[in-house]
Amino acid sequence: MWFRTIWKVGGRNVVGFSRPLRRYTSVSRDVMDVAVKDGELRVFIVAGEVSGDTIGSRLMASLKKLCPVPVRFSGVGGSMMSKQGLKSLFPMEDIAVMGLLELLPHLNRLRVKLQETIEAAFLFQPHVVVTVDSKGFSLRLLKQLRARYNQQRFDVPVHFHYVAPSFWAWKGGEARLGGLTEFVDHVLCILPNEEEVCRSNGLAATFVGHPILEDVLELNLDTSPHEWKIEGNCEDFRKRYSIPAGTTVISLLPGSRLQEVTRMLSIFANTMRLLKGSFPELVTVIHVAPNQHVKNYVTGITNKWPVPVILIPGGSLHQKYDAFSASSVALCASGTVALELQLARLPCVVAYRAHFLTEWIIHYKAKIPYISLPNILMDSAIMPEALFQACTPTNLASSILNLIHNDGLREKQIVAAEKVIGLLCAPARNLGNLSQQHQGGRFPHYTPSMIAATAILYHTKPEVQTT
């Protein structure tokens with residue numbers, strides 16, 4: 001039976017129809033069993049940045065592939081998730097803010113968007129809520145949504161958080177994991193050891209593998225799981241952009257959020273200005289995130305770029321890895337891109353700047369000496385890092401020159417890449433129900449998003465009935 005209901009979403013009244021919400025019993029069933037009973041799976045999914053949009057879109061595709069009934073989505077995402085059927089409540093960029101002190105000017109807007117998202121989720125009545133990374137917004141959403149359901153004693157959806165918070169990076173971070181159990185039912189981890197630590201603190205978790213591995217499959221490359229590598233088409237790239245032989249090409253990856261791009265790209269420009277004296281034929285390739293604000297900013301600043309520049313649009317894996325193949329080195333802001341460069345076996349220098357108070361907090365609260373994932377995973381400085389006050393054009397130019405001319409340093413990164421990529425693959429034990437359903441399939445079909453989708457569908461939730 002359905003009832004006419006008036007909901008308040010985004011400050012306006014929305015008239016719709018809803019099923020009577022139901023109360024708890026002690027019976028348990030898989031999420032997929034409940035979805036089959038209802039004739040559809042309703043997933044409320046939220047991503048707040050470009051990398052999360054990619055992860056979310058792949059998860060959506062896997063859920064549609066594995067679920068035996070239609071899957072309906074609602075939530076917040078970007079262009080990639082929209083291709084999988086999501087109509088975002090508002091532009092994803094509205095909640096794409098990084099840093100600690102950097103949040104302050106945006107707090108009011110974020111509060112408004114948080115409440116709008118909670119109202120929309122409650123209206124949608126999902127079986128599952130999935131938040132992807134963006135822990136500041138995501139965990140507040142899950143906490144407040146769970147509190148609202150508990151207060152009204154209604155049918156509670158299962159809460160998943162995809163990409164574990166970086167508790168391992170902060171002093172006292174592991175101790176805070178236990179508090180998440182009140183509103184997070186399952187964490188989908190993308191790094192080794194996170195699953196074990198989460199479980200030891202009472203938080204259900206599954207290591208699904210790192211999403212970067214799916215780039216290989218999306219490009220239809222046939223490779224073994226522990227030797228995954230992407231080789232772009234260097235010759236085609238140079239020919240397409242008329243790059244003369246002997247020209248030095250450097251890839252620049254300044255980030256995906258507008259605030260980090262504006263901070264990092266000015267430093268990168270001055271670095272290239274210093275390098276053009278050492279390389280008379282120098283071309284830079286700037287990889288532009290699929291964020292309209294970022295696109296507009298990059299287009300404007302490159303009008304006065306010190307050396308010839310090529311802009312590569314975000315979202316095109318082929319162009320990205322072709323550019324990597326044509327490059328001698330890369331200079332990148334810290335983030336997932338460091339792993340992409342390892343997948344391409346392209347040596348790089350990692351840079352990071354933030355608000356000076358944010359940097360101060362990181363300096364005193366961080367318990368690891370590195371910021372890039374390859375260095376963290378190997379517990380070794382295989383990639384040069386220029387952080388905080390050391391992130392200057394002079395230091396970056398020196399590190400790039402050293403990396404270009406020192407074959408030993410380049411080889412160190414290339415050799416380490418195979419080990420790093422191997423650590424990112426989920427263990428066979430986590431294939432679980434997926435391997436049972438797809439007997440005979442080889443490992444690459446068990447992608448991180450497929451393993452994550454399986455963990456969601458086979459998660460046990462309380463069966464609720466009308467009291």
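This is a predicted model: local features need pLDDT of at least 70, side-chain atom pairs count only at pLDDT 80 or more; totals for chains, interfaces and linings use all residues.
Trainee: Which residue in strand 5 is the bridge partner of F44?
Mentor: S74 is the bridge partner of F44.

Trainee: New topic, the surface. Which residues form the positive patch?
Mentor: K135, K171, R176 and K365 form it.

Trainee: Where is K135 found?
Mentor: K135 is in helix 5, which spans residues 135-152.

Trainee: Why is K135 called partly exposed?
Mentor: Its relative accessible area is 40%. Buried means under 20% and exposed means over 50%, so a value in between counts as partly exposed.

Trainee: Now backbone angles. What is the phi of S242?
Mentor: S242 has a positive phi, about 50°, although it is not a glycine. S242 sits in the loop between helix 8 (234-240) and strand 10 (248-253).

Trainee: Is S242 buried or exposed?
Mentor: S242 is exposed, with a relative accessible area of 63%.

Trainee: What about the phi of F388?
Mentor: F388 also has a positive phi, about 55°, and is not a glycine.

Trainee: Where is F388, and is it buried or exposed?
Mentor: F388 lies in the loop between strand 15 (385-387) and helix 15 (393-405). F388 is buried, at 16% relative accessible area.

Notes:
Residues are numbered from 1 along each chain as its sequence is written. Side-chain values use heavy atoms; hydrogens and water are left out. Patches are made of residues with over 30% relative accessible area and no salt bridge: like charges are joined within 9 Å, nonpolar side chains (Val, Leu, Ile, Met, Phe, Trp, Tyr) within 5 Å. Accessible areas come from the Shrake-Rupley method with a 1.4 Å probe; for residues, only the protein chains shown count as cover. A salt bridge is a side-chain nitrogen of Lys or Arg within 4 Å of a carboxyl oxygen of Asp or Glu. Lys and Arg count as positive and Asp and Glu as negative; His and the chain ends are not counted. The place of a charge is taken as NZ of Lys, CZ of Arg, CG of Asp or CD of Glu. Helices (H or I, at least four residues) and strands (E, at least two) are DSSP runs, numbered from the N terminus. Buried means under 20% relative accessible area, exposed over 50%, partly exposed in between (1.4 Å probe, protein chains only). Two strands pair if DSSP finds at least two bridges between them.
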